[in-house]
2 protein chains.
Amino acid sequence: METSCDQDGPWDVYLKSCPCRDVLDLLANKWTALVLGALARRPHRFGELRRAVDGISQKMLTQNLRTLERDGFVTRTVYPTTPPTVEYALTEMGAEVGSHLIALSSWSQANFDRIRDARSTYDDRTLEPVT
Amino acid sequence: METSCDQDGPWDVYLKSCPCRDVLDLLANKWTALVLGALARRPHRFGELRRAVDGISQKMLTQNLRTLERDGFVTRTVYPTTPPTVEYALTEMGAEVGSHLIALSSWSQANFDRIRDARSTYDDRTLEPVT
DNA sequence: CCGCATCCTGAGCGATACTG
DNA sequence: CAGTATCGCTCAGGATGCGG
């Protein structure tokens with residue numbers, strides 16, 4: 001594939017107008033990563049997901065799921081019961097990105113202390129610029 | 001460490017109030033991933049960065065760099081020349097997250113076709129619900 | 001239970017202008 | 001060149017209510 005973006009080519013060029021932006025933008029969303037993460041663990045029903053991803057509004061959940069479905073990351077299965085049962089699961093693609101997301105999250109979980117330290121150091125330094 | 005979040009524990013719990021959110025929120029930003037990506041390739045000066053990350057405004061670049069610096073992902077080195085020279089580089093932590101980000105970007109670059117296909121399939125299907 | 005539609009607020013971000 | 005400050009808008013996203 002000959003896009004302007006090659007992963008061992010210059011990122012500088014890469015950053016301009018490359019499909020990657022689309023995917024990155026996907027994550028530039030408060031919730032998608034969390035939703036994907038939840039689904040990475042196991043399929044969820046709508047309500048479960050709502051509870052799992054604490055703080056998400058129903059609107060955002062729906063919206064994110066639609067986008068993810070459209071992009072082929074999750075599947076939406078409706079069981080014609082009453083009341084309706086809808087199950088969301090990751091596709092293979094979804095699982096692939098999901099794994100990266102999980103890696104990232106694991107990292108942040110493991111290294112959060114370092115970040116916290118960096119923050120307080122920085123804050124201290126900027127508060128007393130001249131002893 | 002005993003947070004409510006354990007990487008092989010339930011994501012459901014994990015998602016509630018866990019440090020990971022902070023890091024994930026970092027990505028929930030239109031630009032940070034791109035900036036980190038650019039710096040992952042090599043250190044950059046401010047202007048270089050601006051040009052590398054196409055479309056970013058000077059304001060957002062500064063803002064992102066400040067946050068990344070505060071969180072300990074990048075270093076900011078000022079050379080007292082005229083005109084001023086400021087170089088930004090990744091810290092080791094920065095490089096670590098950076099690698100994950102690059103993995104993600106490489107993936108999206110490699111798989112974008114699949115996404116595109118998924119999209120058009122989805123769109124076609126929703127446009128003609130009943131043949 | 002699932003999800004769409006509407007309204008409304010505020011953070012995010014871009015544009016512009018000004019310092020060192 | 002690098003950075004700060006201000007203004008104004010757009011739009012993500014929260015709250016609420018209705019419908020299948």
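How do the residues of the surface near DNA strand C divide into nonpolar, polar and charged? There are eight nonpolar, four polar and six charged residues, where Ala, Val, Leu, Ile, Met, Phe, Trp, Tyr, Cys and Pro count as nonpolar, Asp, Glu, Lys and Arg as charged, and the others, Gly among them, as polar. The model is a predicted one, in which local features need pLDDT of at least 70 and side-chain atom pairs count only at pLDDT 80 or more, whereas totals for chains, interfaces and linings use all residues. Residues are numbered from 1 along each chain as its sequence is written, chains are lettered from A and ligands numbered from 1 in the order in which they are written, and side-chain values use heavy atoms, with hydrogens and water left out.

We can begin with the fold of chain A. Its open sheet has three strands in the order β1-β3-β2, with antiparallel pairing; two strands pair if DSSP finds at least two bridges between them, and helices (H or I, at least four residues) and strands (E, at least two) are DSSP runs, numbered from the N terminus. Because β1 (44-45) and β2 (74-79) of chain A stand at the edges with a single partner strand each, one side of each is left without a neighbour in the sheet. Six bridges link β2(A) to β3 (residues 85-90) of chain A in the antiparallel sense, and Val78(A) stands opposite Val86(A) in β3(A). Helix α3 (residues 32-41) of chain A packs on this sheet, touching β1, β2 and β3 of chain A, and its direction makes about 95° with that of β3(A). Helix α5 (residues 58-70) of chain A also packs there, touching β2 and β3 of chain A, at about 110° to the direction of β2(A). Contact here means heavy atoms within 4.5 Å; axes are lines fitted to C-alpha atoms, for helices over the stretch in contact, and angles run from 0 to 180 degrees between N-to-C directions.

Turning to chain B, strand β1 (residues 44-45) is joined to β3(B) by two antiparallel bridges, with His44(B) opposite Tyr88(B). Strand β2 (residues 74-79) of chain B pairs with β3(B) over six antiparallel bridges, and β2(B) and β3(B) form a hairpin with five residues between them.

Now for the DNA. Of the 18 residues around DNA strand C, Phe46(A), Thr62(A), Arg66(A), Arg76(A) and Lys59(B) come nearest; near means that a heavy atom of the residue lies within 4 Å.

DNA strand D is surrounded by 19 residues. An N or O atom in the side chain of Lys59(A) is 2.2 Å from a base oxygen of DNA strand D, and a polar side-chain atom of Gln58(B) lies 2.9 Å from a base nitrogen. Here α5(B) gives the most, with four residues.

Key
Polar contact = N/O pair within 3.5 Å; in protein donor to acceptor, adjacent residues only side chain to side chain.
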